[in-house]
Amino acid sequence: GLHYDLHATADDTTLGTRSAPAELVPTLTALRPDFVQTDCKGHAGYVSWFSETPGAAVPPGLAHDALADWRDATRALGVPLHCHYSGIWDMAATERRPEWRVIPADAVAGGANREWEGKVCPRSGYLDELLLPQFRELVDRYGVDGFWVDGDLW
């Protein structure tokens, strides 16, 4: 397989500008991958496509829908498309919705534990209000064939 990892941020300004199927298809043809896995949301919480899910963190500099290009290229070659998605490590979501944050025991006792910064509690509204709606959006809009959910060991 081929794994393309991006982890978009709010500072990116040229996302999606170098992913035309005319560029991707020859490269993928030469590589002959069994599947392609592209990035769709990294630990910063920003997506790499124009998500329509309420509350999605779309980078202000997102220039083009590269995910649509990756889908077109993989479809042309008959190769499955998977997405890398940072699960419960989401800096943007925890900044926007602090009630979704994990609160470790030492923080309750007054300690400061930065290891938990940006980590989402799986019992919060995050799964139903952001993660699952985005997965449905990725399947419905792009026909994504699978996901690698990253960042969930915390």
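Figure 1. Leucine 24 is found in helix α1, which spans residues 21-31; helices (H or I, at least four residues) and strands (E, at least two) are DSSP runs numbered from the N terminus. The model shown is predicted, so local features need pLDDT of at least 70 and side-chain atom pairs count only at pLDDT 80 or more, while totals for chains, interfaces and linings use all residues. Residues are numbered from 1 along each chain as its sequence is written, and side-chain values use heavy atoms, with hydrogens and water left out. With a relative accessibility of 9%, leucine 24 counts as buried; buried means under 20% relative accessible area, exposed over 50%, and partly exposed in between, for a 1.4 Å probe and protein chains only. Apart from residues up to four places away in sequence, leucine 24 touches Ser19, Asp69, Trp70 and Ala73, where contact means heavy atoms within 4.5 Å.

Figure 2. Four strands form an open sheet in the order β1-β2-β3-β4, with parallel pairing; two strands pair if DSSP finds at least two bridges between them. The edge strands, β1 (2-3) and β4 (146-150), each pair on one side only. Strand β3 (residues 81-86) is joined to β4 by five bridges. Two bridge partners in β4 can be located here: valine 149 is the partner of tyrosine 85, and glycine 146 is the partner of histidine 82.

**Figure 3. Strands β2 and β3 with helix α2.** Strands β2 and β3 pair in the parallel sense over five bridges. The chain crosses from β2 through α2 to β3 in a right-handed β-α-β crossover: with the strands pointing away from the viewer, the path from the first strand over the helix to the second runs clockwise. Helix α2 (residues 66-77) lies across β1, β2 (36-41) and β3, and runs at about 150° to β3. For this angle, axes are lines fitted to C-alpha atoms, for helices over the stretch in contact, and angles run from 0 to 180 degrees between N-to-C directions. Five of the six residues of β3 are buried.

**Figure 4. Threonine 38 in strand β2.** Threonine 38 lies in strand β2 and, at 2% relative accessibility, counts as buried. Leaving aside neighbours within four places in sequence, threonine 38 is in contact with Tyr4, Leu67, Trp70, Leu81, His82, Cys83 and His84.

**Figure 5. A salt bridge between glutamate 52 and arginine 141.** The side chains of glutamate 52 and arginine 141 meet in a salt bridge at 3.9 Å, N to O. The pair links distant parts of the chain, with glutamate 52 in the loop between β2 and α2 and arginine 141 in helix α5 (residues 126-142), 89 residues apart. A salt bridge is a side-chain nitrogen of Lys or Arg within 4 Å of a carboxyl oxygen of Asp or Glu, and by this rule the count comes to seven. Glutamate 52 is exposed at 63% relative accessibility, whereas arginine 141 is partly exposed at 35%.

**Figure 6. Arginine 97 and its two glutamate partners.** Arginine 97 forms a salt bridge with glutamate 99, the closest N and O atoms being 2.5 Å apart, and another with glutamate 129, at 3.1 Å. Arginine 97 lies in the loop between α3 (91-96) and α4 (105-108) and glutamate 129 in helix α5, so this pair ties together parts that are 32 residues apart in sequence.
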